[in-house]
Amino acid sequence: MDMWLKEGQIADAAMTYKIKETLVTKKTEFQDLAIVDTYEFGRMLVLDGIIQTTVRDEHVYHEMISHIPLFTHPNPKKVLVVGGGDGGAIREVLKHPSVEKAVLCEIDGDVVTECKKFLPEISCALEDPRCEVFIGDGIKYVHEHKNEFDVIIVDSTDPFGAAEGLFGGSFYKEIYECLTEDGIFIAQTETPFYLPDVVKRVYDDANAVFPVTRLFMAAIPTYPSGFWSFTVGSKKHDPKAVDLSNTIDIATKYYTKELHKACFVLPKFVEDIIR
Ligand code: SAM
């Protein structure tokens with residue numbers, strides 16, 4: 001019998017994926033967790049029926065959410081990833097030799113445990129000595145750390161449940177305080193195709209707090225519409241205008257210096273959403 005996963009983020013539209021094997025399903029303290037192996041995208045982490053990451057296309061999301069802020073900051077030494085329990089963002093962050101410490105603050109310890117077990121190619125850098133894994137609420141962690149991180153990456157689930165407070169003005173004010181004087185923050189900010197109101201609200205909230213706010217897009221096949229937005233808030237450095245001519249080369253599959261500039265050129269309907 002064929003088994004199919006129906007991705008569940010958008011109420012009235014869905015993509016489906018044929019499952020080869022179900023590796024784990026469990027109810028954690030925070031969410032329903034599953035890791036399944038699929039024919040087209042390989043292993044994938046699914047939380048509350050929503051695809052978080054897959055072995056085949058994870059590089060797009062993890063490279064763009066990490067390298068855009070890390071190549072914009074002139075000397076990122078201390079980085080915080082809020083959420084991101086699969087470890088993909090940490091793996092990319094630690095490709096930057098300037099980084100001395102990367103803290104992962106993930107609310108759900110089961111995500112970290114299961115990803116270490118079943119998604120080693122994504123979670124591999126969680127064992128790096130420069131990485132500290134802290135299991136707890138990112139909202140509380142950010143509130144309790146002031147003027148500490150050069151880059152903060154909010155690699156969260158969608159704005160419901162435990163992640164709801166990770167989107168919005170009051171959290172962005174806390175992030176501002178948690179950053180060093182020329183710090184940069186980035187968050188995954190959903191799809192302008194299905195969720196224009198969320199994209200606009202988050203952009204406006206970040207723009208009310210940060211002197212420089214930019215939105216860029218990336219093509220992620222397993223996220224609804226395949227067309228995903230990220231919002232950058234920066235105290236000083238502009239990710240769109242940064243000079244990348246002297247940055248080091250690192251191994252990537254999606255990010256390039258040219259794409260760093262090009263991704264900020266937005267389609268008209270997306271410009272209209274954030275205008
Ligand atoms: N790349 C993914 C996406 O956009 O679908 C996000 C992946 S990552 C697995 C998201 C993580 O955020 C989840 O493991 C979830 O447990 C974590 N999370 C949700 N709310 C959180 C909070 N308040 N503090 C820390 N982590 C949180």
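The centres of domain 1 and domain 2, taken over C-alpha atoms, are separated by 22 Å in this predicted model. Domain 1 covers 3-54, while domain 2 runs over 58-274. Where the two domains are in contact, 22 residues come from domain 1 and 22 residues come from domain 2.

How much area is buried between domain 1 and domain 2? The value is about 2100 Å², and carbon and sulfur atoms give 64% of that area. The size of an interface is often given as the accessible area lost when the parts come together. To find the residues of domain 1 that lose the most area to domain 2, look at Gln 9, Ile 10 and Phe 30. Together these three make up 24% of what the domain 1 side buries.

Let us turn to the polar side of the interface. Between domain 1 and domain 2 there are eight residue pairs in polar contact, with both residues at pLDDT 80 or more. The interface of the two domains is also crossed by two salt bridges.

Which strands supply the side of domain 1 that touches domain 2? Strand S2 (16-27), strand S3 (32-38), strand S4 (42-47) and strand S5 (50-54) each bring at least two residues to it. S5 gives the most, with five residues. Sorted by class, this side of domain 1 has 13 nonpolar residues, six polar ones and three charged ones.

One joins Lys 18 and Asp 2, whose closest N and O atoms are 3.8 Å apart. This pair links distant parts of the chain: Lys 18 sits in strand S2, Asp 2 lies in the segment before strand S1 (3-6), and 16 residues separate them. In another salt bridge, the side chains of Lys 26 and Asp 110 meet at 3.4 Å, N to O.

Finally, have a look at the ligand. There are 25 residues around the ligand, and those that come nearest are Gln 31, Glu 106, Asp 137, Gly 138 and Tyr 223. With Ile 107 the backbone takes part: one of its polar backbone atoms is 3.2 Å from a nitrogen atom of the ligand.

Terms used
Residues are numbered from 1 along each chain as its sequence is written. This is a predicted model: local features need pLDDT of at least 70, side-chain atom pairs count only at pLDDT 80 or more; totals for chains, interfaces and linings use all residues. Side-chain values use heavy atoms; hydrogens and water are left out. Domain bounds come from an automatic or database domain assignment. Contact means heavy atoms within 4.5 Å. Buried area is the accessible area (1.4 Å probe) that two parts lose on being put together, summed over both. A salt bridge is a side-chain nitrogen of Lys or Arg within 4 Å of a carboxyl oxygen of Asp or Glu. A polar contact is a pair of N or O atoms within 3.5 Å; within protein, one must be able to donate a hydrogen and the other to accept it, and residues adjacent in sequence count only if both atoms are side-chain atoms. Helices (H or I, at least four residues) and strands (E, at least two) are DSSP runs, numbered from the N terminus. Ala, Val, Leu, Ile, Met, Phe, Trp, Tyr, Cys and Pro count as nonpolar, Asp, Glu, Lys and Arg as charged, and the others, Gly among them, as polar. A residue is near a molecule or strand if one of its heavy atoms lies within 4 Å of it.
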